[in-house]
Amino acid sequence: SAWLIARAELLIAGDDRVPRVETLHALTRLTRERPGDWEARCALGRLYLREGVMQNAPLGEGLCQDAYRASGEHPRAGLGLVEAMAAMGRVALARALCVRIATTGGAEGHAARAWLEEDLA
């Protein structure tokens, strides 16, 4: 599943060389086969937030919410949920969760602090 999540991350970053529809279908199959794979669920949710024919922001937000719960509120899943809530216009909730994640260590805490600094600039 790691290679599939990596493909999704490339798509999320805007790499059009990765086949979007195939990646969405593969992630959907993976999340059905392994419902506890919160990383795949979060990646799938984030893909559904992206503009395009397959965009479905409410579904994306729901998948990110599920991933956050399934992960035990892991900060990486939290960042996906922040992204989803912001895409849905729930900016105050996104910011509050981002503030919470910013207090954690590691790359996720650093990313959350950077997002908050950008937001304040």
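**Notes on the salt bridges and two other residues**

1. Arg 34 is partly exposed at a relative accessible area of 41% (buried is under 20%, exposed over 50%, partly exposed in between, with a 1.4 Å probe and protein chains only). Its salt-bridge partner is Asp 37, with the closest N and O atoms 3.3 Å apart; a salt bridge here is a side-chain nitrogen of Lys or Arg within 4 Å of a carboxyl oxygen of Asp or Glu. Asp 37 is buried, at 9%.

2. Before going on: this is a predicted model, where local features need pLDDT of at least 70, side-chain atom pairs count only at pLDDT 80 or more, and totals for chains, interfaces and linings use all residues. Numbering runs from 1 along each chain as its sequence is written, and side-chain values use heavy atoms, leaving out hydrogens and water.

3. The whole structure has ten salt bridges. In one of them, Glu 9 meets Arg 46 at 2.7 Å, N to O. That pair links helix H1 (residues 2-12) to helix H3 (residues 38-49), 37 residues apart; helices are DSSP runs of H or I, at least four residues, numbered from the N terminus. Glu 9 is partly exposed at 34% relative accessibility, while Arg 46 is buried at 14%.

4. Arg 90 sits in the loop between H5 and helix H6 (91-102) and Glu 61 in helix H4, so the pair ties together parts 29 residues apart in sequence.

5. Have a look at Glu 73: its phi is positive, about 65 degrees, though it isn't a glycine. Most residues other than glycine have a negative phi. Glu 73 lies in the loop between helix H4 (57-70) and helix H5 (75-87).

Note on methods. Helices (H or I, at least four residues) and strands (E, at least two) are DSSP runs, numbered from the N terminus.
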